[in-house]
Amino acid sequence: MKSRLKIEIIMEEMFINIEYTFSSSLGVDAEYKYIKVVKGKVFNGEFADNTENEFIGQIVFKILSLDEAKQDGFDIYQIFENHEYTFRHGKSFYNFIKGDFKAKIYQHFDQQLLSDNVCFIEYMSLKNAYKKLGLGAKVFKDIVTNFRREVSLFVIQPYPLQFANIGDYDEIKDIVELKSIEKDRLTGAKKISTQYQTWGFEKIKGITDILFFNADLKNEKFDAIEMDEEACVAESKRPK
């Protein structure tokens, strides 16, 4: 079963359309029941059919429904272990045995987390021609706006795309000009980390490699991302 959600953003002469899709398995009593993989394709164009529009970027993220898993008595460790990325980063901030966030997470956010559900943003990329327009921040804000009812904590690793294995994202490889990006991995990661922090992501003491965004708290940097009429007009449309 696939669900589709279209988010249309009008920005000056551009018409940006983000199309989210996810799959759900019925009757499966396994960790997949608690893992939602969402893929978002970003297009520019005014056609209702995105095959007629320009494909300019892609985002991929996983939502772990840990609250539901805990209610069902399902093994939290098994959910994180399902994928190397979620396991590697999850163990730095989540106690698999106790089924709860580690103390440093609660301390950083002053105990304010309304749910255990976590969103791992694994992949974000735009064509070079669409970078430095503030579009990445708006895409992130759109993700939070549409999925914050499911998730409290958003997690991202500032890792340069040119050093990542993008074999799973063949659709995007042809539009990303990797030769024009930072050649040094550490320098590239620092630049991306700084950029993500302007969106509202935060570093947490004692945790390296990843940044956190708490959707339950007011965040001035996140709120400053303009999505109003002067910057863009956002409209969500659900298919009938």
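**A look around N117**

Guide: Start here: the side chain of N117 reaches the backbone oxygen of E150 at 2.8 Å. This is a predicted model, where local features need pLDDT of at least 70, side-chain atom pairs count only at pLDDT 80 or more, and totals for chains, interfaces and linings use all residues. Residues are numbered from 1 along each chain as its sequence is written, and side-chain values use heavy atoms, leaving out hydrogens and water.

Visitor: What makes N117 and D67 a polar pair?

Guide: A polar contact is a pair of N or O atoms within 3.5 Å; within protein, one must be able to donate a hydrogen and the other to accept it, and residues adjacent in sequence count only if both atoms are side-chain atoms. The backbone nitrogen of D67 lies 3.0 Å from a polar atom of the N117 side chain.

Visitor: Why is N117 called buried?

Guide: Because its relative accessible area is 11%, and buried means under 20% (exposed is over 50%, partly exposed in between, with a 1.4 Å probe and protein chains only).

Visitor: Which residues does N117 touch, leaving aside neighbours within four places in sequence?

Guide: Among them are L64, S65, L66 and V151. Contact means heavy atoms within 4.5 Å.

Visitor: How do you know that β8 and β9 pair?

Guide: Strands pair if DSSP finds at least two bridges between them. Four bridges join β8 (residues 153-156) to β9, running antiparallel, so the pair qualifies. L153, which N117 also contacts, has N214 as its bridge partner in β9.

Key:
Helix = DSSP H or I, 4+ residues; strand = E, 2+ residues; numbered from the N terminus.
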